[in-house]
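Please look at the sequence and the model first, and then read on.

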Amino acid sequence: MTATTPRLPADVLVFERGWLSSNNVLLHDTSPAGAVLVDSGYATHAAQTVELVARALDGTPLGRIFNTHLHSDHCGGNAALVQRFGCSVYVPAAQFDAVRRWDPAALTFAATGQHCPRFDARDTLAPGQRHQIGRLEWQVLGAPGHDPHSLILYAPEERLLISADALWANGFGVVFPEIDGSAALQEVRETLDLMAGLDVRAVIPGHGPVFSDVAAALERAYRRLEGFERDPQRHGWYAAKALTKFHLIEVRRAARPRLFHWLRATPLLSRIHSRYFNGTAFDTWCESLLDELIRTGAATMDGGDVVDT
């Protein structure tokens, strides 16, 4: 532990994951209800997630999975964890029906060109709920913006915030509803204001290390938001790069024509192009996108292949 890393209670364990997975937060509970895992990572890392959780539980039960939202990198391990531990899955209330009937379009997996093994939900999470997990009470708070149904969890006794993708040390996640014309940047601002009003000593983000300098993180997030508000195309560019980088991390390398085919076939990227870059031919835009990823060191070329770096 470094001097800048906040100390967490012994019953709160964070698995800091690398992309493609979100961080996982294991909340120990020795009662019959069993422990709770907040978010479960991406499907390709599911076996590793199961192993991490099993080792940490050391034979004690996993009772529930809480999903802060249903992007593939936060719920892709659900099915494997349910199979291994027989636990129940709790999802944001507004998405409960989409999970029960398994609608990949409503759940965004189809639009992003990502995948998630099918799982079932037992119950729902909603703003205003309070859950006693072990010795800590966790409050469920609404955090729309990145996703309209996103939730965050706050434990006032320990002043801990599980912020998911609403706040990272250096920003926040892509504001996906904004791409489809919703006024979601304003929702991001309202969510940042909500978190700014909480008494927080440590933030457990959806990606990256746990951090304690909440004021500085909020300042960076507000600054990023203001840049997107001034120049919406900047947000479109951020979203396109993030989605393409995610895909490259997953496949590791792809022939240039194959990558461009994926870009054309991914509905959300088509919508980004239509909303922010409609004056540029799609193939030309793809070339610019690839050039930007190479320029920033996010990818490189190896012969005719685009390679993740």
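## Terms and model

Helices (H or I, at least four residues) and strands (E, at least two) are DSSP runs, numbered from the N terminus. The model is predicted, so local features need pLDDT of at least 70 and side-chain atom pairs count only at pLDDT 80 or more, while totals for chains, interfaces and linings use all residues. Residues are numbered from 1 along each chain as its sequence is written, and side-chain values use heavy atoms, with hydrogens and water left out.

## Glycine 41 in its loop

Glycine 41 is found in the loop that runs between strand S3 (35-38) and helix H1 (46-57). With a relative accessible area of 0%, glycine 41 is buried, where buried means under 20% relative accessible area, exposed over 50%, and partly exposed in between (1.4 Å probe, protein chains only).

Apart from its neighbours within four places in sequence, glycine 41 is in contact with several residues, among them Ser21, Asn24, Asp73 and Cys75; contact here means heavy atoms within 4.5 Å. Although glycine 41 and histidine 71 are 30 residues apart in sequence, their C-alpha atoms are 9.5 Å apart in space.

## Cysteines

How many disulfides does the structure hold? The structure holds zero, a disulfide being a pair of cysteine sulfur atoms within 2.5 Å. For cysteine 75, the nearest cysteine sulfur belongs to cysteine 116 and is 3.8 Å away. Cysteine 75 is buried, at a relative accessible area of 0%, and cysteine 286 also counts as buried, at 1%.

Two packed helices are described by the angle between their axes and the distance between the axes. Axes are lines fitted to C-alpha atoms, for helices over the stretch in contact, and angles run from 0 to 180 degrees between N-to-C directions.

The axes of H1 and helix H3 (residues 78-85) cross at roughly 45° and come within 9 Å, which makes H1 oblique to H3; angles under 35 degrees count as roughly parallel, over 145 as roughly antiparallel, 65 to 115 as roughly perpendicular and the rest as oblique. Among the residues that meet are Val50 and Val53 of H1 and Leu81 and Phe85 of H3.

## Helices H9 and H10

Helix H9 (residues 232-251) packs against helix H10 (residues 256-265) at an angle of about 130°, with the axes 12 Å apart, and the two are therefore oblique to each other. Leu243, Thr244, His247 and Leu248 of H9 make the contact with Leu259, Trp262 and Leu263 of H10.
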